[in-house]
Amino acid sequence: MCGFAGFISSGHTQEAADHICQTMGDAIAHRGPDGSGVWINEPLTVGLVHRRLSIQDLSEHGAQPMARGALTLVYNGEIYNHFDLRRDLDRAGCSITWQGHSDTETLLQGFAHWGVADTLQRATGMFAFALWDETRGSLTLGRDRFGEKPLYYGYQNNTLLFGSDLGSLRQHPSFAPQINADVLPLYLQFHYIPMPYSIYEGIHKLEMGHTLTFTRTDLAAKDIPASVSYWSFADMVHRAKNNMFEGSYEDAKEAVREAIMRSVQQQSISDVPLGAFLSGGIDSSTIVSVMQSQLTQKVATFTIGSDDNAFDESGIAAAIAGHLGTDHTQLIATADDVINCVQKLPSLYTEPFADASQLPTFMVSQLARQHVKVVLSGDGGDEVFGGYNRYLGGVKAWQTTRNIPAPLRRVAAKGLRCLSAQKWDALFTTLGPVLPKSLAMRTPGSNILKLSYAMSQETDYAYYISAASRWHNPKQILQTSSGALPIPHAATWDMADGLNLSFAERMMAADTLGFMSDGVLVKVDRAAMGCSLETRVPFLDHSLVELAWRLPLEMKIQNGTGKRILRDIVADHIPADILNQPKTGFGIPVGTWLRGPLRDWAENILDRQTLHDDGFFNADQVRKIWADHLSGVHDGLHLIWPILMFQAWKLDAQLPQRMNR
């Protein structure tokens, strides 16, 4: 796990190019504090810089940029099966004198002998890379199958820039920061900026499972060629659905267990201390229980808690850790912890990102980094095995209401919105003793209000987008004359033609390509790398994902309960009375703290005159949302947090007012 950056231009001296690379690398030192390297090529100036977080082969033989013959590579990530790839290269008759045992060298030799696409199809892992081919005069960028590792690219003032982080790109003297106001509606709607867009004009995110090769002709003309898919999620789903699992449920359970064990075993390979996040939910408990079953030493586990019982899951995590016998460390987050962390978020994310759970994720990453250098995480379990509420109660609600005439549905939805989220929460608390367990949830009011918007929709797809949205009409608050960019993963909805995918499966596919890749994985990568901590996600082993899609839906979702097969697997390790409690995850009461210890920080950012002068948001409407949140009239966290994160990011990036307007 590391970070890299680079540029291609003309007219730089060797000394100037080296200085630029060093500066770009310094901006991402947190992604790789253990070492740095620079490579410069002339006469067409190609500059590559790498910041190293040493995980495998801690010697200089693993240092980057790494060159073999005409190829020079900078790379971020881990290839978990790279020793298998080495054996395949040896069996193919390749005469290679290996210099070390790093996966970087394996990847580079694979590119040399098999080519880029063939090597990536053989590889299991998470990665982003830039490969310069001196013979062809070409640059190839590549990204892993699910977008675990970030990669930005684009031209600025006739200079091609690329790298792991926007912060490094901003250091190049050719970078001309122009905010792309057209992405703001999508950002407010989903709380992240979906690929291939970025917050800056002319800068893009490489899509997951894609490579992009700039030829000599492209570089001379300053053109951006079309990216190429070496692995397609849609094709994988198609293969899976045409090769459905034919065994019994017990057979499927054993197959999934073995696949998880293989993935965890592969991802536990490390030359440095390794641990795991443990939230107390099914996903992280599954990963930790499998880890502990494979190791003789105690697994180091980490969780974050809160003194607010509505958000705290640390007790459940501690009970699971105690039962499994892990070496458990927890932190009960205080207001002081949050104040210290919230000010660091803009520089870590380097573009607006507004999932408030980024705060506890960063705090638990800080906690883990005091003890280990690598952690395994349970992310991806909800999308792969069907865990989100919208796959469960949301599907049932839509199927129940979709045949009701739209005018009546809109009236009913309006009626649900007559009560605030807080009043719905209070009502559920009062009725708690008589409600069925299936209705036990931490934030029923928020879920009911989301449902009210979703049930007003006309189509399955519109229902899903509404259910997945955090802000249902974001343009009402924007001052900019922004365009209407399409939702990038919208085409996913139609990929199911001929596959007979259920409504829940369509949502799971769309979430995998959208919310998971652009939201969950971005949150975890930036938070952890902000602490120089590597995170690995065993549920996203592509062979495990394909196996999950081969399973009939009822093996994952049954009787209104998601992740059925994971629950049964982890139940073999952890008693049901510990596991079967409402999940909160790494939650802290950010909304409450905005009314208290974070209020001064937020007030400064939401200064009316600053908002007016910036010209992006309607200052009066922002102040009203803020006032309503402070008074408790509405819980406006999902509305005010993205504005806070945008304004804080803009201040951190030191951008002038009224850009690109």
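**Notebook: cavity, cores, cysteines and backbone**

I looked up the second largest cavity, and its lining is Tyr-152, Tyr-192, Ile-193, Lys-205, Tyr-349, Glu-351, Pro-352, Phe-353, Asp-518, Val-522 and Arg-526. The model is predicted, so I note the terms: local features need pLDDT of at least 70, side-chain atom pairs count only at pLDDT 80 or more, and totals for chains, interfaces and linings use all residues. Residues are numbered from 1 along each chain as its sequence is written, and side-chain values use heavy atoms, with hydrogens and water left out.

**Cavity**

A cavity here is a set of points, on a 1 Å grid over the protein atoms alone, where a 1.4 Å probe fits but cannot get out; lining residues have an atom within 4 Å of a point. Points are joined across faces, edges and corners, and the volume is the space filled by probe spheres set on them. I searched the whole structure and got 8 cavities of 30 Å³ or more. Which helix gives the most to its lining? Helix H21 (residues 503-529) does, with 3 residues. Helices (H or I, at least four residues) and strands (E, at least two) are DSSP runs, numbered from the N terminus. I sorted the lining by class and found 7 nonpolar, no polar and 4 charged residues. Nonpolar here covers Ala, Val, Leu, Ile, Met, Phe, Trp, Tyr, Cys and Pro; charged covers Asp, Glu, Lys and Arg; the others, Gly among them, are polar.

**Cores**

I counted as a nonpolar core a set of buried Ala, Val, Leu, Ile, Met, Phe, Trp, Tyr and Cys residues joined through side-chain atoms within 4.5 Å. Buried is under 20% relative accessible area, exposed over 50%, partly exposed in between (1.4 Å probe, protein chains only). The largest core has 184 residues, and Trp-549 is one of those with the most contacts inside it. H21 supplies the largest share of this core, 14 residues. Another core, of 19 residues, lies apart from it and includes Phe-4 and Tyr-155.

I then listed contacts (heavy atoms within 4.5 Å). Beyond neighbours within four places in sequence, Trp-549 touches residues including Phe-233, Met-236, Leu-501 and Met-508. Leu-367 sits in helix H14 (residues 358-369). Leu-367 is buried, at 8% relative accessibility. With the neighbours within four places in sequence set aside, Leu-367 contacts Phe-302, Thr-303, Thr-329, Gln-330 and Leu-331. From Leu-367 to Leu-331 the C-alpha distance is 7.5 Å, across 36 residues in sequence.

**Cysteines**

How many disulfides (cysteine sulfur pairs within 2.5 Å) are there? The count is 0. For Cys-21, the nearest cysteine sulfur belongs to Cys-2, 16 Å away. Cys-21 is buried, at 0% relative accessibility. For Cys-531, the nearest is that of Cys-341, 8.0 Å away. Cys-531 is buried too, at 13%.

**Backbone**

Most residues other than glycine have a negative phi, and most peptide bonds are trans. I checked for departures. Gln-64 and Pro-65 are joined by a cis peptide bond, with omega about -5 degrees. Pro-65 is in the loop between strand E3 (45-52) and strand E4 (66-68). Met-195 to Pro-196 is also cis, with omega near 15 degrees. Pro-196 falls in the loop between helix H6 (184-190) and strand E10 (204-205).

His-191 is in the loop between H6 and E10. This non-glycine residue has a positive phi of about 75 degrees. Is His-191 buried or exposed? His-191 is buried, at 3% relative accessibility. Asn-158, also not a glycine, has a positive phi of about 65 degrees. Asn-158 is exposed, at 53%.

Key
1 Å grid on protein atoms, 1.4 Å probe; cavity = no way out; pocket = protein on both sides within 12 Å on 5 of 7 lines; lining within 4 Å. Disulfide = S-S within 2.5 Å.
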